[in-house]
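Hi everyone, thanks for coming.

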Amino acid sequence: MCLKRGSLHYHDPIRQSKYLRQTLSQDKKPVGFFISAGCPLAVSMPEGKWPLIPDVAGLTKYIKDEIDKEKTVIGDTPRNLADAYTELINEVVKTGKSNPNIEDILSFLRGMMQVSKGAIDIRGFSESELQNLEKIVCQKIAEKLSVELPDNKTPYHKLAKWVNNIDRDTPIEIFTTNYDLLLEEAFESLKVPYFDGFVGTRFPFFDLRAVEDNLIPNHWTRLWKIHGSINWYLKDNKDVYRSTSLEECDSYIIHPSHLKYDQSRKMPYLALIDRLNKFLRQNSAVLILSGYSFSDDHLNDTILNALRANPTAMVIALLFGDLTKTTQEEGDGGEMITKTIINHEKALELAENRSNLSIWTFDEAVIGGLRAKWKPMKSDYEAEENIGNAVRPIKDENQNIVGYNFHLGDFAVLGDFLQELIGKEQFKIEQDGV
């Protein structure tokens, strides 16, 4: 619901909290979560240890710094690894990406590998150099992402607890673009059964039929790792398998983009993208995005096409931070110029043109295609209506309320929201039984 005060429009965060709670409590409604790169940043860590896993920019810097320390010589030339990686980045820049991240770099590298077969060199790189670079980059990614959650109170555990404490006819589906094993750790620590597409014990293999036909018990959560994982490998260059040792010598299956790498590697990716599409085409499906920046055009197209085809589906993107930021800069004449910067420009553009895609940032939201600030319908709302303490008044120096923020875009707050729902739903069950 959008409130109208004079000429201004507002979205009511209390009403949206209740809508989300009601949506999550409907056991027959298809409900899914999409966990992306920003979520590990929400995990509280001891002083000096944050973040548990860096964002894409931080991971990009880490890989560059680690490779710069290497003295390894690669390829037939031979050439120093650090020099080869720097030259690779320069080649990516030539394509128009002024500040390429690790996903851009790895995608470009694999693109060159596709056309390097039988060639003397591609852009100054031999086939063996490209293969070595890809292997080393993936190793560095896996080393950085091979971490454990600091305790059992993280947002990941709260999500797992919520899943474990609800009784549903329709299973929860969790999609993630992250390569780490944080979701698996949280689910396994709480003994929450899940299925990630692999079956078997010695070399768990990807079961395409089970994924496509959804042939899994309803009480198992579906965990779909769209971009692969640090414990997925390619055996003998043909079969994808999952391992628990993280010490395999085979190639890692890490897909930073939709790049069609080779038939074996792309098979899980295409199957899981199709699973996302099928999920959103179910009647009244709801997908909640957290930590996603809308920077993956292929994923955006998959989501948008499904929403166009199915008007009953809804995607709610919970985005970290404010939608806009105001800065002041000194003009040529010495005057101060106020500028407004859009922090989530791509998400804003998509949501304003797609009524069943909503974005909720801290300061604003786009719901039903309408962009507006947050403001409760009534300022004297009960504390219990503010689930997870997600709605937070903004006060001036005189402690007067001048606005409201809605913090569900912080994965930590979303975890608190889900944790509180467990108690509320349990209380409702007990009351209904009286």
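Let's begin with F406: it is buried, with a relative accessible area of 1%. For that word, buried means under 20% relative accessible area, exposed means over 50%, and partly exposed is in between, using a 1.4 Å probe and protein chains only. Before I go on, a word on where this comes from: it's a predicted model, where local features need pLDDT of at least 70, side-chain atom pairs count only at pLDDT 80 or more, and totals for chains, interfaces and linings use all residues. Residues are numbered from 1 along each chain as its sequence is written, and side-chain values use heavy atoms, with hydrogens and water left out.

Back to F406. Which ring does F406 pair with? That's W360: the ring centres are 5.6 Å apart and the planes sit at 35 degrees, so we call the pair tilted. The rule is that rings of Phe, Tyr and Trp (its six-membered ring) pair if their centres lie within 6.5 Å; planes under 30 degrees apart are stacked, over 60 edge-to-face, and the rest tilted. W360 is buried too, at 2% relative accessible area. W360 is in strand β18 (residues 357-360) and F406 in strand β22 (residues 401-406), so the pair ties together parts that are 46 residues apart in sequence. Strands here are DSSP runs of E, at least two residues, and helices are runs of H or I, at least four, numbered from the N terminus.

Across the whole structure, a search finds 15 aromatic pairs. There's also a cluster, with F34, Y292 and F294 linked by ring pairs.

Zooming out: how many helices and strands does the protein chain have? Twelve helices and 22 strands. Of its 434 residues, 50% count as buried.

Now two of those helices. α3 (residues 81-94) and α5 (residues 127-145) pack at about 95 degrees, with their axes 11 Å apart. They are therefore roughly perpendicular, a label for angles of 65 to 115 degrees; under 35 is roughly parallel, over 145 roughly antiparallel, and the rest oblique. On the α3 side, the contact uses L81, A84, Y85 and L88, and on the α5 side L133, I136 and V137. Contact, by the way, means heavy atoms within 4.5 Å.

Over in helix α9 (residues 263-280) we find N277. Is N277 buried or exposed? Buried, at 18% relative accessibility. Setting aside neighbours within four places in sequence, N277 touches T302 and A306.

Last stop, the backbone. W50 and P51 are joined by a cis peptide bond, with omega about 0 degrees, and P51 is in the loop between β3 (31-35) and α2 (56-69). K191 isn't glycine but has a positive phi, near 55 degrees; K191 sits in the loop between α7 (182-189) and β7 (194-195) and is exposed at 71%. S284 has a positive phi as well, near 65 degrees. S284 lies in the loop between α9 and β14 (286-290), and is partly exposed, at 24%.

Key
Axes fitted to C-alpha atoms, helices over the stretch in contact; angles between N-to-C directions.
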